[in-house]
Amino acid sequence: MDTQRIAGVKYECLLFADMDDTLYPLSLGINLACRKNIQEYMLEHLHIEESKVPKMCLDLYLEHGTTMAGMKALGYEFDNDDFHAYVHGRLPYEKLKPDFVLRNLLLSMPQRKIIFTNADHTHAIEVLSRLGLEDCFEGIICFETLNPINSYQRILCKPSVEAFEAAIRIVNVDPKKTIFFDDSVRNVASGKVAGLHTVIVGRSDLVPGADHALNSIHNIREALPEIWEVEECNQQQMIRSLAVEATVHA
């Protein structure tokens, strides 16, 4: 992805990680439906004992970042695309409705805006389309971006700091001028280690590694007005330039 400097603003890029409880509320139940589909896949396709599936699903998620990454690490062999099609293909996307308030907020932000998700590209596009936000983002860092070969090797995903460093390289941004938004405490902590400015979304209290807390993404203008503010030094330079231009044309 090409880099682009935004003159006069404090931040040059906004990374929105994941979408559940970041771009849309957790209460819609998309996350729960996804977990149910993962557990069914483990049961029906990997033939894992039913009584072990729920705990194993959670333990692998906590240890490896995603249950999928954990199953690969344990040596289970399955096709990545088939897994995503099964897990995401049956989600209740109809619960997602266009969010015109968020759309207007995103379009008013002068920075580059990127989605950074552990999910596959098809899922990300479907969610953004349902929310009416598909043209609000420059690009998407997703499963296929970090894992371009459909192999049985280790999966790279959040909250691995390595995944964040890879995303920063791919997007080609200065982490010191980038804000990272996520509802996951551990993702926020890793983002901070990678050098990003961080915002925990979906709660009002700060967590380790978070610079800001945002109860709802819709409160972003009130909580982070600096996204829209022009830095004072640049603003003065712009005023001087305009003054010189006016003198030349006078």
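Student: Let's start with Glu162. Is Glu162 buried, partly exposed or exposed?

Tutor: This is a predicted model, and in it Glu162 counts as partly exposed, at 40% relative accessibility. Buried means under 20% relative accessible area and exposed means over 50%, so a value in between is partly exposed.

Student: Which side chain does Glu162 meet in a salt bridge?

Tutor: Glu162 meets Arg154, at 3.3 Å from N to O. Arg154 is exposed, with a relative accessible area of 59%. Some salt bridges also share partners: Lys36, Glu40 and Arg90 are joined into one network that way.

Student: How many salt bridges does the structure hold?

Tutor: There are 12. Among them is the bridge between Glu49 and Lys52, at 3.9 Å from N to O. Glu49 is partly exposed, with a relative accessible area of 47%.

Student: Let's turn to helices. What is the general idea for reading one side of a helix?

Tutor: An α-helix has 3.6 residues a turn, so residues three or four places apart point the same way. Now take helix α1. Its buried residues are Ile30, Ala33, Cys34, Asn37, Ile38, Glu40, Tyr41 and Met42. Those buried residues pack against α2, α3 (67–73) and α4 (80–88).

Student: What span should helix α1 have?

Tutor: Helix α1 (residues 30–44) has 15 residues, and at 1.5 Å a residue they should span 21 Å. The expected span is 1.5 Å times one less than the number of residues. The end C-alpha atoms of α1 are 21 Å apart, which agrees with the expectation.

Student: Now for the rings. How many aromatic pairs does a search of the whole structure find?

Tutor: The search finds nine. One of them is Phe16 with Phe181, a stacked pair with 4.6 Å centre to centre and 5 degrees between the planes. Phe16 lies in strand β1 (residues 13–17) and Phe181 in strand β4 (residues 178–182), so this pair ties together parts that are 165 residues apart in sequence.

Student: Are Phe16 and Phe181 buried or exposed?

Tutor: Phe16 is buried, with a relative accessible area of 0%. Phe181 is likewise buried, with a relative accessible area of 0%. For another geometry, look at Tyr41 and Phe83: their ring centres are 5.0 Å apart and their planes are at 85 degrees, so the pair is edge-to-face. Tyr41 lies in helix α1 and Phe83 in helix α4, so the pair ties together parts that are 42 residues apart in sequence.

Student: Which residues do ring pairs link into a cluster?

Tutor: The cluster holds Tyr41, Phe78, Phe83 and Tyr86. Tyr41 and Phe83 are both buried.

Student: I also see His84 in helix α4. What is His84 in contact with?

Tutor: Leaving aside neighbours within four places in sequence, His84 is in contact with Met68, Gly89, Asp120 and Phe143. His84 counts as buried, at 5% relative accessibility.

Student: What should I expect of the backbone in general?

Tutor: Most residues other than glycine have a negative phi, and most peptide bonds are trans. Here are some departures to look up. His47, in the loop between α1 and α2, has a positive phi of about 55 degrees, and counts as exposed at 65% relative accessibility. Asn172, in the loop between α8 and β4, has a positive phi of about 65 degrees, and counts as partly exposed at 39% relative accessibility.

Student: Which peptide bond is cis?

Tutor: The bond from Lys158 to Pro159 is cis, with omega near 10 degrees. Pro159 lies in the loop between α7 (143–146) and α8 (161–171).

Methods. Residues are numbered from 1 along each chain as its sequence is written. This is a predicted model: local features need pLDDT of at least 70, side-chain atom pairs count only at pLDDT 80 or more; totals for chains, interfaces and linings use all residues. Side-chain values use heavy atoms; hydrogens and water are left out. Helices (H or I, at least four residues) and strands (E, at least two) are DSSP runs, numbered from the N terminus. Buried means under 20% relative accessible area, exposed over 50%, partly exposed in between (1.4 Å probe, protein chains only). Contact means heavy atoms within 4.5 Å. Rings of Phe, Tyr and Trp (its six-membered ring) pair if their centres lie within 6.5 Å; planes under 30 degrees apart count as stacked, over 60 as edge-to-face and the rest as tilted. A salt bridge is a side-chain nitrogen of Lys or Arg within 4 Å of a carboxyl oxygen of Asp or Glu.
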